[in-house]
Amino acid sequence: MLSWNGRPGFPLPSHPAAPPEHLKEPLVYMRKAQGSWEKRILKSLNSMCTELSIPLARKRPVGEQKELLNKWNEMGTDEPDLSLFRPVYAPKDFLEVLINLRNPNYESGDSLSFRTHLGLIQVPLKVKDIPELKEFFVELGLSTGQLGIDDSTQVPPELFENEHVRIGQKVLAEQDSAAAQQYIRQGSPTALRAELWALILNISSQPEDILYYEQLKTNVIQHDLLVDSLIYKDVKLTASNDDYYFVFEDYLYQVLLCFSRDTSVLSHFAYNSASPPKSYIRGKLGLEEYAVFYPPNGVIPFHGFSMYVAPLCFLYHEPSKLYQIFREMYVRFFFRLHSISSHPSGIVSLCLLFETLLQTYLPQLFYHLREIGAQPLRISFKWMVRAFSGYLATDQLLLLWDRILGYNSLEILAVLAAAVFAFRAVNLMEVTSLAAAEAVLADLSTLKVMPLLQIFLFATVT
């Protein structure tokens with residue numbers, strides 16, 4: 001039986017009087033909403049356990065351990081019957097929770113600017129407007145050289161690229177993480193990206209890192225968890241059906257199964273509004289000395305979770321390095337896309353930023369879609385929750401993730417989502433239903449990310 005329990009003790013530097021829950025999330029109503037959402041997830045997981053008569057965890061018999069070890073590098077060939085398993089939740093379930101968020105201390109009439117917000121997100125958070133975004137993303141300006149733009153008027157692309165590669169090699173030679181982060185704001189050359197991201201994320205494959213990964217692998221071999229079936233199911237439903245990523249199926253199982261066992265991931269809950277679930281030994285519910293975190297990393301995967309890993313498989317082919325990069329990307333960025341918080345890079349702020357940009361700078365389009373029952377956020381939410389993984393072509397996705405790392409922010413996801421609507425505005429003005437709007441935006445695989453962002457940010461009338 002699972003239950004959710006409060007705050008783990010990994011305090012970050014802060015005001016000495018600040019209680020730990022304020023590090024997790026300063027707004028009480030956000031903390032409460034996150035707590036309620038966690039209870040729903042657990043109810044779903046517990047009912048699946050009961051329905052299927054499957055334990056949360058079991059030790060594998062020796063024969064099964066040997067079999068798994070032998071097929072570790074070809075787990076994709078295994079076809080377990082997962083028909084009875086279902087994802088614990090999908091992004092659309094999470095969106096409904098965010099739509100119902102309200103600040104109880106805040107009357108909708110308190111602020112004229114907020115009362116005129118006609119989107120689905122109805123919480124008053126401060127988000128950047130286009131002048132502030134221009135200042136924040138200044139290196140994306142029209143006069144700055146960018147990788148991912150073929151026809152910059154300032155410098156011929158090949159000249160910029162050659163010089164940019166030379167500077168990138170120098171940054172790598174000096175092993176300067178801050179310089180790498182600044183450099184990557186203009187995009188990373190394909191040949192240098194894996195090393196640059198590792199430098200920014202402070203990942204260096206030491207023998208002890210490889211040993212740690214092997215220990216996680218041993219744990220997977222020895223113990224079977226219910227979440228393993230959720231991971232299998234998710235990979236089968238998403239990456240296995242993706243033209244870009246199906247070849248990485250085995251890597252995805254390896255990374256995600258090891259991730260679920262990694263207790264070092266628990267430390268990020270000190271600054272994550274979420275809290276890790278606890279499992280109690282049978283008959284000892286509520287007795288803390290009989291409690292363990294479940295899964296051991298505290299993260300229950302949802303539909304699409306494996307797509308956070310899939311693009312990284314293009315860059316890293318050594319499993320322990322791939323694993324470390326993904327874990328660091330998760331605890332820095334991706335966790336914010338599926339937890340309820342007021343953080344500027346949190347999914348609530350991203351939704352509000354997206355809606356505010358559309359309503360302010362493309363009001364005709366926004367009102368038209370709203371009138372026909374096609375609220376834009378219902379279409380763009382899944383893009384943002386997955387950081388566009390599985391929606392953009394991989395080369396474009398990696399250029400986008402360059403900027404997430406470069407600016408240490410996920411806000412660019414909301415800007416890109418708004419830019420996609422701007423780009424397809426003429427077609428969208430002609431649709432008369434949500435289904436038709438979704439059809440116009442069904443395929444993003446031909447889009448070029450950097451021109452879209454530049455035009456939206458720096459050529460939009462403000």
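User: What makes residues 3-12 a stretch to treat with caution?
Analyst: Over residues 3-12, pLDDT stays under 50, on a confidence scale that runs from 0 to 100. Where pLDDT is low, predicted coordinates should not be read in detail. The model has 31 contacts beyond four places in sequence for residues 3-12. For the chain, the mean pLDDT is 89, and 90% of its residues reach 70 or more.

User: Why are α3 and α10 called oblique to each other?
Analyst: Helix α3 (residues 62-70) packs against helix α10 (residues 207-222) at an angle of about 130°. Angles over 145 degrees count as roughly antiparallel and those from 65 to 115 as roughly perpendicular; α3 and α10 are therefore oblique. Their axes lie 8 Å apart.

User: Which residues make the contact of α3 with α10, and how do they divide by class?
Analyst: From α3 come Q65, L68 and L69, which meet K217, V220, I221 and Q222 of α10. The classes are four nonpolar, two polar and one charged.

User: What makes α17 oblique to α18?
Analyst: The axes of helix α17 (residues 394-407) and helix α18 (residues 411-423) cross at roughly 140° and come within 9 Å. Roughly antiparallel would need an angle over 145 degrees, so α17 is oblique to α18. In this contact L400, R403 and I404 of α17 meet I412, L413 and L416 of α18. By class, five of these residues are nonpolar, none is polar and one is charged.

User: How many cavities are there of 30 Å³ or more, and what is the volume of the second largest cavity?
Analyst: The count is five cavities of 30 Å³ or more. The second largest cavity holds about 50 Å³ of space. A cavity is a set of points where a 1.4 Å probe fits but cannot get out.

User: What lines the second largest cavity?
Analyst: Its lining consists of I231, L256, F259, S260, P295, N297, V299, P301 and F305. Helix α12 (residues 249-260) gives the largest share, three residues. Seven of the lining residues are nonpolar, two are polar and none is charged.

User: How do you know that the bond into P295 is cis or trans?
Analyst: The peptide bond from Y294 to P295 has omega near -10° and is cis. P295 sits in the loop between β5 (291-293) and α13 (319-332), and P295 is also among the residues lining the second largest cavity.

User: What is the phi of S53, and where is S53 found?
Analyst: S53 has a positive phi of about 50°, although S53 is not a glycine. S53 lies in the loop between α2 (28-52) and β2 (57-59).

Notes:
Residues numbered from 1 in each chain as written. Predicted model: local features only at pLDDT ≥ 70, side-chain atom pairs only at ≥ 80, totals over all residues. Heavy atoms only, no water. 1 Å grid on protein atoms, 1.4 Å probe; cavity = no way out; pocket = protein on both sides within 12 Å on 5 of 7 lines; lining within 4 Å. Points joined across faces, edges and corners; volume = space filled by probe spheres on them. Helix = DSSP H or I, 4+ residues; strand = E, 2+ residues; numbered from the N terminus. Nonpolar A, V, L, I, M, F, W, Y, C, P; charged D, E, K, R; others polar. pLDDT = per-residue confidence, 0-100. Contact = heavy atoms within 4.5 Å. Axes fitted to C-alpha atoms, helices over the stretch in contact; angles between N-to-C directions. Parallel < 35°, antiparallel > 145°, perpendicular 65-115°, else oblique.
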